[in-house]
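Here are a few friendly notes on the ligand site and the pockets. Have the viewer open as you go through them.

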Amino acid sequence: MEDAGKYGNDKMSRKLIVAGNWKMNKTASEGKALVEALKNEAAGICSCVEIVVCPPFTTLCSVVEAAKGSRIKVGAQNVHWAENGAFTGEISAAMLKEAGVEYVIIGHSERRQYFGETDETVNSRLKAALAAGLKPIVCIGELLEEREGGRTEAVLERQVKGAFAGISAEDAAKVVLAYEPVWAIGTGKTATPEVAEATHAFIRSVVRALYGEAIAEGMTIQYGGSMKPANARELVAQKDIDGGLIGGAALKADSFAELIRQAVEGNR
Ligand code: PEP
């Protein structure tokens, strides 16, 4: 069996997901135009890949509307843990659900770096997302100095254990992880396929220790960090890499679609 894993399961049994994180880009009308263009491209792409776009909050509604009737799924870039209340500037899971959002990114490194996100807040946000029936994409990744200091595994283990604290196996099975080495995000530096694969395999081993074989082998673990059409195929061809979380290359329909096509090829 092609791509059969060390533990006997097939990579093909995991869901291949490519998600675009638009960050603070695209107004409502720009987002609508991007999704209209992506819809045309997506119609010709293998249905074996889940395509997700994650616009900023104010662009969500126009993108949900534009994506209706297509295969494109919509995600938010953050969610608060409380149901409602005095949390100026925050958005609840119920608000996202009612807006027609299906996925939510949690714990992106930019949130951790610039907005004080911690393993604890990631855990709280993850619980709220799961309780509301949103599909979480939980981001983890080490800083350059952590990798250079030989602390990558310790950091990732802490982040995974922190994110999943108090979460049942049933809920854990609904989570997508995104490994994004911080030094590779928006820098043009990509982890080599070998480095990325070794790190993904380690992350899967941490999930295995927490929840056992079936959940670890079934979990989609995306790679993120300067993924583009030219490197997506080789990255996704790795045994433990199940798609991508894409920043810059997701802002144009043609490059995002080409990246998705390459990811599908890599996953075969
Ligand atoms: C990201 O922000 O999640 C990301 C991976 O960005 P980029 O693809 O631009 O490195």
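1. First, the residue classes: Ala, Val, Leu, Ile, Met, Phe, Trp, Tyr, Cys and Pro count as nonpolar, Asp, Glu, Lys and Arg as charged, and the others, Gly among them, as polar. By that scheme, the shell around the ligand holds four nonpolar, eight polar and two charged residues.

2. Please keep in mind that this is a predicted model, where local features need pLDDT of at least 70, side-chain atom pairs count only at pLDDT 80 or more, and totals for chains, interfaces and linings use all residues. Residues are numbered from 1 along each chain as its sequence is written, and side-chain values use heavy atoms, with hydrogens and water left out.

3. Around the ligand there are 14 residues (a residue is near if one of its heavy atoms lies within 4 Å). The closest are Lys-23, His-108, Glu-180, Gly-186 and Ser-226.

4. Look next at the ligand's oxygen atoms. A polar side-chain atom of Glu-180 is 2.6 Å from one oxygen atom of the ligand. Of the 290 Å² of accessible area that the ligand has on its own, the protein covers 95% (Shrake-Rupley method, 1.4 Å probe).

5. Which residues lie nearest the centre of the largest pocket? They are Lys-23, Met-24, Gln-77, Arg-111 and Phe-115, from a lining of 16 residues (those with an atom within 4 Å of a point; a pocket is an open set of points on a 1 Å grid over the protein atoms alone, where a 1.4 Å probe fits, with protein on both sides within 12 Å along at least five of seven lines). The lining divides into seven nonpolar, five polar and four charged residues.

How values were computed
A polar contact is a pair of N or O atoms within 3.5 Å; within protein, one must be able to donate a hydrogen and the other to accept it, and residues adjacent in sequence count only if both atoms are side-chain atoms.
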